[in-house]
Amino acid sequence: MKIAYVTIHIEPKIVNGGVGSKIKSQISIWRSMGHAVTLFMLTPEPVSSMPDASQFVFRPPRKSLPGVKFVLREIARSTALAKLISQVRQYQPDIIYFRFGLFTIPLQRLFEIAPVVLEVNSNDLDEYRSRGPFFYWLNRLTRKLLFSRCAGWIASSFELANLPVNRGYGRPVCVISNGIELSKYQPLAPPQNQFPVLALVGSPGMSWHGVDKLLPLAKRYPDLQIHIIGYRREDLQGTIPENVHLYGYLDYENVKKVLAGVDVVFGTLALYRKKMEEASPLKIREALAYGIPVILAYHDTDLADIDSDLFLFLPNTKTSILDHAQAIHDFAFRVRGMRVKREIVSERISQQHKEATRLKFFNEVLDSAGGRA
């Protein structure tokens, strides 16, 4: 099978993190299974972590009036996207795998080249609503062009697959949660901390990560050390307790160095802000691959039914963290210096198995479309 993998405007700092690792792992596994794959990226600046990708860079103007700057940015984006689509056409793929993104002219032409399978990782309606009326209505009015013309789509959760607004187009859907290549992660030795060290890996602007919820928790329990990766002082409001340590953006190796001294990793703490209940964050799969116990305040597609004392499950509510602050404190002390055994999570989070399922769905889509490589 010849696969064109297409992404449009994922910020480089996101590509350089867990999302980029997922994309590279997918491509690596597909190639190991005998398929030809090329990654086509639309990006506002070159992404050094993706040297093998065909990158189409649009450069937003640095100085201009806000309205003019936006128009010029969209013109640049559309021009670069047209070049990307032209290159995909020349590549002559059997199937196109498209990571769902905000519509830009002439994205509709992509669907004329080969069957397109969408990857959907979030409730896009609520996600774009949080970015303001313009982006909400642009997505609301154009998403039909993507869902109605795709040959099938893959949801990262059952919740997304069952949303009426997604199911209404009648396209085949397959649920495949996020996974990681376990062979790339070696378990970390348990730290010997006098007091528990907890961490959260997040990104500014993504309010559903719930980083703000950790500040009152740290203030209540000064015997907990809380490390926040991805945030700087200017990204947070209010007083920062002395037991909160901010690192800003870190690359893979430096994230690993921080996690080597961590007893517990927090998952997403405010998924309700996206009006979602279910997810499968890569950062939690990476933490588990390292053997670190986790705190989950959402329904994890792969882990919700796991039987282990090294997992703490909390409700996905506005007051969940402070309502269960004592439970978090006690859990952190109880699991301090402990590690999750890989065998209890490996089948649940391994990307190898998930990609075999994805490729099987591709073949089903091609069979339905009347042509299979």
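This section describes a helix, aromatic pairs, charges over rings, backbone features and a strand pair in a predicted model.

Residues are numbered from 1 along each chain as its sequence is written, and side-chain values use heavy atoms, with hydrogens and water left out. Because the model is predicted, local features need pLDDT of at least 70 and side-chain atom pairs count only at pLDDT 80 or more, whereas totals for chains, interfaces and linings use all residues.

Helix α5 covers residues 133–147. Helices (H or I, at least four residues) and strands (E, at least two) are DSSP runs, numbered from the N terminus. The expected span of a helix is 1.5 Å times one less than its number of residues. For the 15 residues of α5 this gives 21 Å, and the end C-alpha atoms are 21 Å apart, which agrees. Helix α5 bends by about 35° at Leu-141. The bend is the angle between axes fitted to the seven residues ending at a residue and the seven starting there.

The buried residues of α5 are Tyr-136, Asn-139, Thr-142, Arg-143, Leu-146 and Phe-147. Buried means under 20% relative accessible area, exposed over 50%, and partly exposed in between (1.4 Å probe, protein chains only).

Aromatic pairs were counted next. Rings of Phe, Tyr and Trp (its six-membered ring) pair if their centres lie within 6.5 Å; planes under 30 degrees apart count as stacked, over 60 as edge-to-face and the rest as tilted. By this rule there are 14 aromatic pairs. One of them joins Tyr-97 and Phe-362, a tilted pair with 5.3 Å centre to centre and 55° between the planes. Tyr-97 lies in strand β4 and Phe-362 in helix α14 (residues 351–369), so the pair ties together parts that are 265 residues apart in sequence. Both Tyr-97 and Phe-362 are buried. Ring pairs link Tyr-97 and Phe-362 with Tyr-5 and Trp-30 into a cluster.

Tyr-185 and Tyr-290 also pair. Their ring centres are 5.4 Å apart and their planes stand at 70°, so the pair is edge-to-face. Tyr-185 is in the loop between β7 (173–175) and β8 (197–201), while Tyr-290 is in helix α10 (residues 282–290), 105 residues apart. Tyr-185 counts as buried at 6% relative accessibility. Tyr-290 counts as buried at 2%.

Two lysines sit over rings. The criterion is NZ of Lys or CZ of Arg within 6 Å of the ring centre and within 35 degrees of the ring normal. Lys-2 lies over the face of Tyr-91, at 4.5 Å from the ring centre. Lys-274 lies over the face of Trp-208, at 4.2 Å.

Backbone features follow. The peptide bond from Ile-105 to Pro-106 is cis, with omega near 5°. Pro-106 is found in the loop between β4 and β5. Gln-92, not a glycine, has a positive phi of about 55°. Gln-92 lies in the loop between α3 (66–91) and β4, and at 60% relative accessibility it counts as exposed. Lys-275 has a positive phi near 55°. This lysine lies in the loop between β11 (264–266) and β12 (278–279). At 58% relative accessibility, Lys-275 counts as exposed.

Four of the five residues of β8 are buried, so this strand is largely enclosed by the rest of the structure. Strand β8 pairs with β9 (residues 225–229) in the parallel sense over five bridges. Pairing requires at least two DSSP bridges between two strands. Leu-200 stands opposite Ile-228 in β9.
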